[in-house]
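User: Could you walk me through how to read a few features of this fold? I'd like the general idea, then the case at hand.

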Amino acid sequence: MGPSEETQEIRIVTLPPMRMVSVHGFGEGPELLAWEKLAAWAGPKGYLDDREAHPIFGFNNPNPSPGSPNYGYEFWMKVDPAEAPEGDVRVVDFNGGLYAVLRCTVRDGPDTEIPEAWQRLVMWREQSNYRRGTHQWLEEPLAVETPGEHFTLDLYLPLADS
């Protein structure tokens, strides 16, 4: 794939400030643990019914470390401004920011395809006129065919405002 084709896949977006709820999972499959917490809280409130109005973002927290199968994953979901913390559910006021976004469709395995897509995005930024942003890196799950095996994410790489 030539550089022009790769560049066309990357779009620049500004996420607005949002009130988010945050849930966290830790272990060998923290995404599923965190998702179960989010679904248990958000489902009865109707937040999962409108993903456009209530987008969901995730990220490693903490990142995997060599020699350990355990790591953390945190999900953030945009919610109404009046939401308050509840049990394991924290509230985060996200400031938003400028991002380079790349769609990643996982077909052969998240352990290789997601890191390769992140690497492509980072390499693109290094060759662009954009500087590295300091706000949160994010992954937005879009479509899930088979949980953990076949799914699509948008990867959000923070960029510095000029």
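**Reading the model**

Analyst: Helices (H or I, at least four residues) and strands (E, at least two) are DSSP runs, numbered from the N terminus. This is a predicted model, where local features need pLDDT of at least 70 and side-chain atom pairs count only at pLDDT 80 or more, while totals for chains, interfaces and linings use all residues. Residues are numbered from 1 along each chain as its sequence is written, and side-chain values use heavy atoms, with hydrogens and water left out.

User: Is Arg120 buried, exposed or partly exposed?

Analyst: Buried means under 20% relative accessible area, exposed over 50%, and partly exposed in between (1.4 Å probe, protein chains only). Arg120 has 29%, so it is partly exposed.

User: Which side chain does Arg120 join in a polar contact?

Analyst: A polar contact is a pair of N or O atoms within 3.5 Å; within protein, one must be able to donate a hydrogen and the other to accept it, and residues adjacent in sequence count only if both atoms are side-chain atoms. Here the side chain of Arg120 pairs with that of Glu9 at 2.5 Å.

User: What about Thr152, buried or exposed?

Analyst: Thr152 belongs to strand β8, residues 150–159. Its relative accessibility is 13%, so Thr152 counts as buried. Contact means heavy atoms within 4.5 Å. Setting aside neighbours within four places in sequence, Thr152 touches residues including Arg103, Cys104, Glu140 and Leu142.

User: Where is there a cis peptide bond?

Analyst: Most peptide bonds are trans. In this model a cis one joins Asn61 and Pro62, with omega about -5 degrees. Pro62 lies in the loop between β3 (56–60) and β4 (71–78).

User: Zooming out, how many helices and strands does the protein have?

Analyst: There are 3 helices and 8 strands, and from the N terminus on they run α-β-β-α-β-β-β-β-α-β-β. Of contacts between residues at least 6 apart in sequence, 70% join residues at least 24 apart.

User: Why does the radius of gyration agree with a compact globule?

Analyst: The radius is taken over C-alpha atoms, and the globule rule is 2.2 Å times the number of residues to the power 0.38. For 162 residues a compact globule would come out near 15 Å; the protein has 16 Å, so the two agree. Its C-alpha trace spans about 45 × 35 × 30 Å along the principal axes, and 40% of the 162 residues count as buried.
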